[in-house]
Amino acid sequence: MTAVELTRPPRLRPGSRIAVVAPSGPVVEERLQAGLDVLRGWHLDPVVTPQLVDRHQEFRYLAGEDETRARDFQRAWCDPTVDAVMCARGGYGAQRMVDLLDWNALRAAGPKVLIGYSDVTALHEAFAVRLGLATLYGPMASTLAFVKNATTQESLRTTLFEPEAAMTLGLPGARGLIPGRARGVTVGGCVSLLAADLATPHARPSAAGGLLILEDIGEEDYRLDRVLTQLLRAGWLDGVTGVALGSWLECGPYEERVRPVLHERLARLGVPVVENLGFGHCEASLTMPLGVPAVLDAERATLALEVPALT
């Protein structure tokens with residue numbers, strides 16, 4: 001699947017209903033309530049399921065059984081009164097439930113907004129491949145960045161309600177790592193999840209034609225080398241037009257260990273690369289639309305969307 005512009009869902013308006021779900025790890029209830037309060041402050045109507053704060057009986061890193069998480073996600077998406085689905089947190093578990101979803105039912109429910117990052121990369125990829133739907137790689141309801149950081153909140157709020165005002169993405173500190181200017185359709189997410197997705201039923205065979213966004217958390221330099229090398233060896237990165245890099249929290253000293261790996265592995269693609277654009281596992285995190293055409297400019301250190309993220 002070459003990266004192509006995907007169907008963009010409608011924007012939200014005051015009174016829109018947003019379902020909060022937990023497809024991956026367990027949720028801290030107090031933090032979730034704080035996140036719901038933020039959504040209510042935007043005049044949205046957040047809805048949750050009773051199982052949202054469940055925990056798997058045996059595997060405590062999961063927010064309940066795989067079937068329960070898949071059922072809750074599907075019910076939320078297929079509810080005709082729901083306009084958007086926001087994940088509560090990442091962690092791990094989306095890959096365990098993604099193939100339990102009824103994709104015909106999800107398609108019949110029509111285009112809606114999907115929001116999440118990190119482990120939700122597995123869902124973003126599945127929605128792109130199986131539904132042809134653009135999604136938002138953005139903050140999750142029970143994360144500290146969403147609850148406490150004004151930049152993170154405002155980036156998502158603007159994207160949801162006024163997407164024309166969120167067309168040029170990049171925070172102070174962004175800089176060109178490899179020079180150039182490129183156009184493509186935004187694809188990507190958490191790099192270790194993209195590598196884990198290879199050869200699965202919902203994986204795209206290639207990111208060709210894509211402006212690739214990459215970030216991760218808690219991966220040492222040699223593990224980042226490994227996942228990037230896996231994507232290179234699989235040919236998945238062949239034909240990407242440019243790369244935008246986000247945060248690398250807890251991946252080791254960035255300048256000393258992470259940056260050299262990223263530069264050495266990505267330079268062989270011969271495309272422009274921008275680093276520290278300001279998305280992913282960082283305190284101030286921009287919402288990054290996936291599946292929309294954009295231009296990456298390494299000199300200006302920006303990613304400029306050609307169309308709004310939402311219609």
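These legends walk you through several close-up views of a predicted model.

Local features here need pLDDT of at least 70 and side-chain atom pairs count only at pLDDT 80 or more, while totals for chains, interfaces and linings use all residues. Residues are numbered from 1 along each chain as its sequence is written, and side-chain values use heavy atoms, with hydrogens and water left out.

**View 1. Helices α9 and α10 pack against each other.** Helices (H or I, at least four residues) and strands (E, at least two) are DSSP runs, numbered from the N terminus. The axes of α9 (residues 221-233) and α10 (residues 254-267) come within 9 Å and cross at roughly 15°; axes are lines fitted to C-alpha atoms, for helices over the stretch in contact, and angles run from 0 to 180 degrees between N-to-C directions. The two helices are therefore roughly parallel to each other (angles under 35 degrees). On the α9 side, look for Asp221, Leu224, Asp225, Leu228, Thr229 and Leu232, which meet Arg257, Val258, Val261, Leu262, Arg265 and Leu266 of α10; contact means heavy atoms within 4.5 Å. These residues divide into 7 nonpolar, 1 polar and 4 charged (Ala, Val, Leu, Ile, Met, Phe, Trp, Tyr, Cys and Pro count as nonpolar, Asp, Glu, Lys and Arg as charged, and the others, Gly among them, as polar).

**View 2. An open sheet of 6 strands has mixed pairing.** The strand order is β2-β1-β3-β4-β5-β12, where two strands pair if DSSP finds at least two bridges between them. At the edges are β2 (45-48) and β12 (288-290), each pairing on one side only. Strand β1 (residues 17-21) runs parallel to β2 over 4 bridges, and arginine 17 has aspartate 45 of β2 as its bridge partner. Helix α5 (residues 121-131) packs on this sheet, touching β4 (113-116), β5 (135-137) and β12.

**View 3. Tryptophan 42 and phenylalanine 146 form an edge-to-face aromatic pair.** Their rings are 5.8 Å apart centre to centre, with 90° between the planes; rings of Phe, Tyr and Trp (its six-membered ring) pair if their centres lie within 6.5 Å, and planes over 60 degrees apart count as edge-to-face. Tryptophan 42 lies in the loop between α1 (29-41) and β2 and phenylalanine 146 in helix α6 (residues 144-148), so the pair ties together parts that are 104 residues apart in sequence.

**View 4. An open sheet of 8 strands also shows mixed pairing.** Here the order reads β6-β14-β13-β8-β9-β10-β11-β7. Strands β6 (168-169) and β7 (175-178) each have a single partner strand, so one side of each is left without a neighbour in the sheet. Strand β7 runs antiparallel to β11 (residues 273-275), joined by 3 bridges, and glycine 176 stands opposite valine 274 in β11. Helix α10 packs on this sheet, touching β7, β10 (242-249) and β11.

Terms used. Parallel < 35°, antiparallel > 145°, perpendicular 65-115°, else oblique. Phe/Tyr/Trp six-rings, centres within 6.5 Å; stacked < 30°, edge-to-face > 60°.
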